[in-house]
Amino acid sequence: MTRPIWIKHAAQLVTLASDEKGPRTKEAMSDLGLIEDGSLWIEDGIIQAVGSTKELEKHYSERIHEAEIVDATNHLVTPGLVDPHTHVVYGGSREHEFEMRLQGATYMDIMNAGGGIHATTRMTREASEEELIEQTTCRLDSFLAHGVTTVEGKSGYGMNLETELKQLRVMKRLQEQHVIDIVPTFMGAHAVPPEYKGREDEIVDYLIHDMLPVVAEQKLAEFNDVFCEKGVYTPEQSERILEAGKRYGLIPKIHADEIEPYGGAELAAKIGAISAEHLLKASEEGIKAMAKSGTIACLLPATALYLREEAALGRKMIDEGVAVAISTDCNPGSSPTTSMPLVMNLACISMRLTPAEALTAATYNAACAINRQEQVGSLEVGKQADIVLWKTKSYQELQYLFGVNHVKSVWKKGVKVV
């Protein structure tokens, strides 16, 4: 039995509490459930009470002497950040491609020349499980230092059964070893392996008949993702893969409309995907279809910045009624960052989200995009005590002072880890 924790006198306590269930849309994305001079009481890693400091001081007056007291005067307190789209498990590095891109090579140019995803696939296939654990642990430590307490992790740098399983096993082991919660996604359909060039339907059959059954049987993933893009997987192939995953109990996600309009957003709505990712080139019809279906738009402004592309139409999506989440897209080629604070800043600057919407997109809506909203994403009674104490006084200041890590302290399940 650990001592209770009493966090008191927060200048602003962002609870994101609401009676509404499911991801927030439109005006609800601006409702932070803000409490001035806010306070939390935590026991055994679970939030027991949320309110003003005066309210909790009165309620727990006879037990205050038991508690570890955290004075949050002049500090912002929020839920732990949630990153709902990462490729955090991979081997090697691709810094030379950054220079190639600055010299004019495009993302698809690099990939078609054997670089990009294919280069990381070679390095990940060659890496041992222990090497991948060592490299990924460093990235998870950096996520934690930036206030992230839950991440989604995709496989996809194997594209053969052996390496895909290796990546997913690494996630499972790190879920047990690291304090960050890791939510696993199978993404065998990340690219068409060079050995299948010209035989794309064969790799689709291999994914459906040889890979998905084993991933499901070994219970190594919760979601199934596919890169629906011209030159990768067609909408028809993507639909086959995602529908097959549903038959095995894997919830569909989809990389959609990143490079050019390709009907990915429309497909996400059609198959009932929990989220569609990227969406830089999503059509107006696709945006409306996602709003109607309830598919969450997982937007990746750091990727757009890194690739020097126009960011997704986050403002338009919110105005159209799409629930928006944001993510780092942590990966070695197009977004080698672990900074969710920077992603929140970019969501405001490049996609015109308000500071409140950006924070909702990085916490509660992000949790909804990986089906974790019952455990994390808001500060409510009964939820995990995943909490960040920031060096800023307000959520507006957090977004205003961009490109800086303002984390002071992080708690994961009631344990101070930063």
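The entries follow in the order in which I looked things up.

**Ground rules**

I am working with a predicted model, in which local features need pLDDT of at least 70, side-chain atom pairs count only at pLDDT 80 or more, and totals for chains, interfaces and linings use all residues. Residues are numbered from 1 along each chain as its sequence is written, and side-chain values use heavy atoms, with hydrogens and water left out.

**Entry 1**

I started with the UniProt record, an unreviewed entry. Over residues 76-415 I read 44% helix and 17% strand. The end C-alpha atoms of that stretch are 18 Å apart. Helices (H or I, at least four residues) and strands (E, at least two) are DSSP runs, numbered from the N terminus.

**Entry 2: first binding-site set**

Which residues does the "binding site" annotation cover? In the unreviewed UniProt entry, one such annotation covers His85, His87, His255 and Asp329. They are spread over 245 residues of sequence, yet they cluster in space, with a largest C-alpha distance of 12.4 Å. His87, His255 and Asp329 from this set belong to the lining of the largest cavity.

I checked two of them one by one. His87 sits in the loop between β6 (81-83) and α2 (95-102). His87 counts as buried because its relative accessibility is 2%. My cut-offs: buried is under 20% relative accessible area, exposed is over 50%, and partly exposed is in between (1.4 Å probe, protein chains only). Asp329 is in the loop between β13 and α13. Asp329 is buried too, with a relative accessible area of 1%. Most residues other than glycine have a negative phi.

The unreviewed UniProt entry has another "binding site" annotation, covering Tyr157, Asn331 and Gly333. These residues are spread over 177 residues of sequence but cluster in space, the largest C-alpha distance being 11.8 Å. Tyr157 and Asn331 are part of the lining of the largest cavity. I placed Tyr157 in the loop between β7 (148-154) and α6 (161-177). At 2% relative accessibility, Tyr157 is buried. Gly333 is in the loop between β13 (324-326) and α13 (340-351). Gly333 is buried at 5% relative accessibility.

**Entry 3: the cavity**

How many cavities of 30 Å³ or more are there? I count 1. The rule: on a 1 Å grid over the protein atoms alone, a cavity is a set of points where a 1.4 Å probe fits but cannot get out, a pocket is an open set with protein on both sides within 12 Å along at least five of seven lines, and lining residues have an atom within 4 Å of a point. Grid points are joined across faces, edges and corners, and a volume is the space filled by probe spheres set on the points.

The largest cavity has a volume of about 100 Å³. Of its 13 lining residues, His87, Tyr107, His190, Asn331 and Ser334 are the closest to its centre. I sort the lining into 4 nonpolar, 6 polar and 3 charged residues. Here Ala, Val, Leu, Ile, Met, Phe, Trp, Tyr, Cys and Pro count as nonpolar, Asp, Glu, Lys and Arg as charged, and the others, Gly among them, as polar.

The largest pocket has a volume of about 260 Å³. It is lined by 13 residues, and the closest to its centre are Asn112, His118, Val192, Lys197 and Gly231. Helix α3 (residues 107-112) gives the most to this lining, with 3 residues. By class, I read 7 nonpolar, 4 polar and 2 charged.

**Entry 4: helix α5**

Helix α5 (residues 129-145) has 17 residues. Its buried residues are Glu129, Leu132, Ile133, Thr136, Arg139, Leu140, Phe143 and Leu144. Seen down the axis of α5, they fall within an arc of 140 degrees, so they line one face of the helix. The arc is that of the directions from the helix axis to the C-beta atoms. On the other side of α5, I find Glu134 and Cys138 exposed.

How values were computed:
Expected span 1.5 Å × (residues − 1). UniProt positions renumbered as here; feature names shortened; annotations may be inferred.
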